[in-house]
Amino acid sequence: MGIFSSMSGRVFAILLLGIVCSAMLTWWLAFGERQRTISQFRDSHAVERAEQLVLAMDALPAANRDSFLQMVPRLGLRVTSLPTQSADPVPSSAYAIALSERLGKTFTVVSLPQLLDNCPRMGSENRNAHIPCEALGISLHDGTGLRLTILPPRNPMPPMRSEFILYLLLFLCSIAVLAYAVSRMTMHPLN
């Protein structure tokens, strides 16, 4: 407590606190903007992939669609046939609206109810748990109905790496040295 009892100690503490708070605010805003940019990119990329998939399915003859569907899970999407009568439309999600706009008015895109059957299971250890997903019903030109299941993107939160902690410590030490030097230079003439 002795260092903060002097005038230069209090100026040092105020400078250090102000610089660290502004650095943390800047980092928080930059990280939030990065997360939003990644999310927007993933959403637009997912809509583009779904559009390409639907257009490819529509262009294929009906006899070849089943063999094409065998390949689809590698694209990160699940597509299964869905009779158009069994699709109970719900209010369209933002993803359904974006895909509908990309495909145009010749395709019908509706959001399907959030049922457990529409989403894949998590794994063998917990058979009742399902991965959250969004399911869309899409009608092709020949009247074939498709159920398109889109898994949500993984959270891009990276693990804390040792280099980041080292850089953070170096940053804090350099800020502390700078704040101490400024407080000493400022208080010296007053003393």
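**Close-ups of a predicted model**

**View 1. Phe12 meets Tyr180.** Here's one of the two aromatic pairs counted in the chain. Phe12 and Tyr180 pair up edge-to-face, with 5.8 Å from centre to centre and 85° between the planes. Because Phe12 belongs to helix α1 and Tyr180 to helix α4 (residues 162-190), the pair ties together parts that are 168 residues apart in sequence. Is Phe12 buried or exposed? Phe12 counts as buried, at 11% relative accessibility, while Tyr180 is partly exposed at 39%.

**View 2. Trp27 stacks with Phe31.** Their ring centres are 5.4 Å apart and their planes meet at 15°, so this pair is stacked.

**View 3. Inside the largest nonpolar core.** This core has 20 residues, and those with the most contacts inside it are Met57, Tyr95, Leu99, Val109, Leu136 and Leu148. Two or more residues come from each of α1 (7-59), α2 (65-69), α3 (94-103), β3 (134-139) and β4 (145-150). Helix α1 gives the most, with six residues.

**View 4. Around Leu99.** Which residues touch Leu99, once neighbours within four places in sequence are set aside? Leu99 is in contact with Val47, Ala50, Glu51, Val109, Leu136, Ile138 and Leu148.

**View 5. Stepping back to the chain.** The chain has four helices and four strands, running α-α-β-α-β-β-β-α from the N terminus on. Of its 191 residues, 27% count as buried.

Conventions
Residues numbered from 1 in each chain as written. Predicted model: local features only at pLDDT ≥ 70, side-chain atom pairs only at ≥ 80, totals over all residues. Heavy atoms only, no water. Core = buried A, V, L, I, M, F, W, Y, C linked by side-chain atoms within 4.5 Å. Buried < 20%, exposed > 50% of the residue type's maximum accessible area, 1.4 Å probe, protein only. Contact = heavy atoms within 4.5 Å. Phe/Tyr/Trp six-rings, centres within 6.5 Å; stacked < 30°, edge-to-face > 60°.
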